Amino acid sequence: MTFSLGKGKKPNKKTKKEAAPKFSGASPSAEAWANSVPSTALPFARAPGTLDGSMLGDVGFDPFGFSTVPVGPWFTGFEGRNGSPSDLTWYREAELIHGRIAQLAVLGFIAPALFGTLPGNEWTGVDAYSNTNPVEAFSQVPGLALLQIFLFMTFLEIRRIGIIKEEGSNYVAGDLRIGQGEGRWNPFGLEYSPEQYEEKKLQELKHCRLAMVGIFGLWAQALASDESVVDQLGAGLVTPAYYAKAGYFLPEGI
């Protein structure tokens with residue numbers, strides 16, 4: 001039951017629903033491919049227009065079109081998911097971080113067999129760090145040793161997120177405030193010219209890409225052979241057993 005005072009308009013039961021917002025125009029991905037450019041890395045293919053060569057190390061390699069999708073830091077909410085900092089900066093950030101981890105991993109695969117492993121003790125076990133195959137060593141070392149690595153990585157990640165939030169749209173991909181520059185930690189006293197500094201950044205990027213490919217091969221080979229990388233390489237540099245025993249059956253110089 002309802003009551004009304006005065007002559008008011010009767011409520012319209014058949015209210016018209018609000019029209020859904022209309023979207024027009026091509027998607028960012030479609031626009032990027034519509035403006036595609038020849039790829040330097042893949043001469044037989046084309047690269048999306050987002051890879052125009054303006055970014056350091058850009059050779060037009062993006063066969064799956066990742067650079068055409070707006071993306072940004074997950075910890076900045078919707079602004080980040082819509083691509084802020086700029087999309088390519090965030091992709092470069094991911095490339096550098098993964099590449100740096102891969103470089104350390106390559107070093108970890110090779111160094112133990114070349115320079116030796118850490119000594120064990122009664123608490124950790126005498127042979128806790130003796131395995132030179134990193135795949136097997138991961139399950140052999142004490143849990144607290146792995147926890148130390150995890151906590152250190154967490155500290156670095158929290159620090160990196162803090163720098164990104166502080167810098168905002170001015171953030172430079174991979175900048176951890178280490179190296180030359182005012183107010184930075186520069187333990188080696190690096191002082192490159194602007195041209196040299198750009199060259200060093202390009203060298204790091206190339207090493208990152210090489211390490212990301214290399215670490216996959218190192219991991220797969222260690223998994224398949226159960227031997228360290230150095231042991232496998234060493235076996236290919238020694239005199240074959242048949243040659244040492246019977247000699248080479250062809251004359252010298254042939």
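1. How many helices and strands make up the secondary structure of the protein? The count comes to eight helices and two strands. Please keep in mind as you read that this is a predicted model. If you follow the chain along its sequence, the elements come in the pattern α-β-β-α-α-α-α-α-α-α. The protein has 254 residues, and 22% of them count as buried.

2. Let us start with the inside. The largest nonpolar core has eight residues: Ala 102, Val 106, Phe 109, Ala 211, Ile 215, Leu 218, Ala 222 and Val 229. Both α3 (87–115) and α6 supply at least two residues of this core. Helix α6 gives the most, with four residues. As background, nonpolar side chains in soluble globular proteins tend to be buried together.

3. Now have a look at a nonpolar group on the outside. Trp 123, Leu 144, Leu 147, Phe 150 and Leu 151 form a surface patch, and together they have about 590 Å² of accessible area. You will find Trp 123 in the loop between α3 and α4 (134–137). Is Trp 123 buried or exposed? Trp 123 counts as exposed because its relative accessibility is 65%, and the cut-off for exposed is over 50%.

4. The surface also has a charged patch. Here Glu 136, Asp 226, Glu 227 and Asp 231 gather, and the charge of the patch is negative. One of these residues, Glu 227, sits in the loop between α6 (194–225) and α7 (229–235). With a relative accessibility of 38%, Glu 227 counts as partly exposed.

5. Salt bridges come next, and there are nine of them in the model. Are Arg 92 and Glu 95 buried or exposed? Both are buried.

6. Lys 201 counts as partly exposed at 30% relative accessibility, and Glu 198 is partly exposed at 36%. Salt bridges with shared partners also make a network, which joins Arg 92, Glu 95 and Arg 209.

7. One more salt bridge deserves a visit. Glu 167 pairs with Arg 177, and their closest N and O atoms are 2.9 Å apart. Glu 167 lies in helix α5 while Arg 177 lies in the loop between α5 and α6, so the pair ties together parts that are 10 residues apart in sequence. Glu 167 is partly exposed, with 28% relative accessibility. Arg 177 is partly exposed too, at 23%. What is the phi of Arg 177? The phi is positive, about 60°, although Arg 177 is not a glycine.

8. Leu 56 and Glu 199 are 143 residues apart in sequence, yet their C-alpha atoms are 9.4 Å apart. Leu 56 is in the loop between β2 (46–47) and α2 (78–81). Its relative accessible area is 27%, so Leu 56 counts as partly exposed.

Key:
Residues are numbered from 1 along each chain as its sequence is written. This is a predicted model: local features need pLDDT of at least 70, side-chain atom pairs count only at pLDDT 80 or more; totals for chains, interfaces and linings use all residues. Side-chain values use heavy atoms; hydrogens and water are left out. Patches are made of residues with over 30% relative accessible area and no salt bridge: like charges are joined within 9 Å, nonpolar side chains (Val, Leu, Ile, Met, Phe, Trp, Tyr) within 5 Å. Accessible areas come from the Shrake-Rupley method with a 1.4 Å probe; for residues, only the protein chains shown count as cover. A salt bridge is a side-chain nitrogen of Lys or Arg within 4 Å of a carboxyl oxygen of Asp or Glu. Lys and Arg count as positive and Asp and Glu as negative; His and the chain ends are not counted. The place of a charge is taken as NZ of Lys, CZ of Arg, CG of Asp or CD of Glu. Buried means under 20% relative accessible area, exposed over 50%, partly exposed in between (1.4 Å probe, protein chains only). A nonpolar core is a set of buried Ala, Val, Leu, Ile, Met, Phe, Trp, Tyr and Cys residues joined through side-chain atoms within 4.5 Å.
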